[in-house]
Amino acid sequence: MAEAATRRRGDTRERIQEVALERFTANGYDQTSLREIAEDLGVTKAALYYHFKSKEEILDGLLASVAHDVDDLVAWMREEAPTHERRIEMIRRLGDITRGAGGGVLQCVQQNEVALANMGRTTELVHHMKQQLWDAALTPDATLEECLSMRMAVMAVLIASKPDSDLGGTAADRATAAQAVAARLVP
């Protein structure tokens, strides 16, 4: 019985996060209220507060799931020496993250960059994820050129996943192009 209640609570939290993510991405983080999220869910604001006390808490939960995916990728990368082939595979897997469930969160963060810049923890977490990827992909004796190339490769994948991109093409076209560009940049 307790297990079923815990599962329902988890399902409710996930549904709240899904609706909030849709709102944050479509309307902007600053322009979304907890009341609107509650209305979209068909629950009271008090019911929403039972699961999350603030929008920032909802966003932190969303980012935690992406951070977990990135941490897994970093751990995989650190299992062996960062060869060119492993770096290319890391970029491919990062592309999978940006197109999977975590992609919506990353797109939301990119779309709301200005609003989220004032949220120290959120900005720090995103920077930390990128830094971990860069560090895992390179050896301590990497040259400046190798460091810059690897950072640009990671950023190519992240930039291409940005919603409403002025780059043109479909999301799939941009993802394919990002992988090709990143592959040329990876040292």
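The expected span of a helix is 1.5 Å times one less than its number of residues, and the views below are taken from a predicted model.

**View 1. Helix α9 along its length, residues 144–160.** Helix α9 has 17 residues, and the distance from its first C-alpha to its last is 24 Å, close to the 24 Å expected at 1.5 Å a residue. The buried residues of α9 include Ser149, Met150, Ala153 and Val154, and Ala156, Val157, Leu158 and Ala160 are buried as well.

View 2. Ser149 has a relative accessible area of 17%, and because buried means under 20%, Ser149 counts as a buried residue. When its neighbours within four places in sequence are left aside, Ser149 is in contact with Leu185 and Pro187.

**View 3. Helices α4 and α5 side by side.** Two packed helices are described by the angle between their axes and the distance between the axes. The axes of α4 (residues 55–78) and α5 (residues 84–99) come within 11 Å and cross at roughly 170°, which means that α4 is roughly antiparallel to α5. On the α4 side, Asp69, Val70, Leu73, Trp76 and Met77 take part in the meeting of the two helices, while α5 contributes Arg86, Arg87, Glu89, Met90, Arg93, Leu94 and Ile97.

**View 4. Arginines over the ring of Trp76.** Arg86 lies over the face of Trp76, at 3.9 Å from the ring centre, and the charged end of Arg93 also sits over this ring, 3.9 Å from its centre.

Terms used
Residues numbered from 1 in each chain as written. Predicted model: local features only at pLDDT ≥ 70, side-chain atom pairs only at ≥ 80, totals over all residues. Heavy atoms only, no water. Helix = DSSP H or I, 4+ residues; strand = E, 2+ residues; numbered from the N terminus. Buried < 20%, exposed > 50% of the residue type's maximum accessible area, 1.4 Å probe, protein only. Lys NZ or Arg CZ within 6 Å of the ring centre and 35° of its normal. Contact = heavy atoms within 4.5 Å. Axes fitted to C-alpha atoms, helices over the stretch in contact; angles between N-to-C directions. Parallel < 35°, antiparallel > 145°, perpendicular 65-115°, else oblique.
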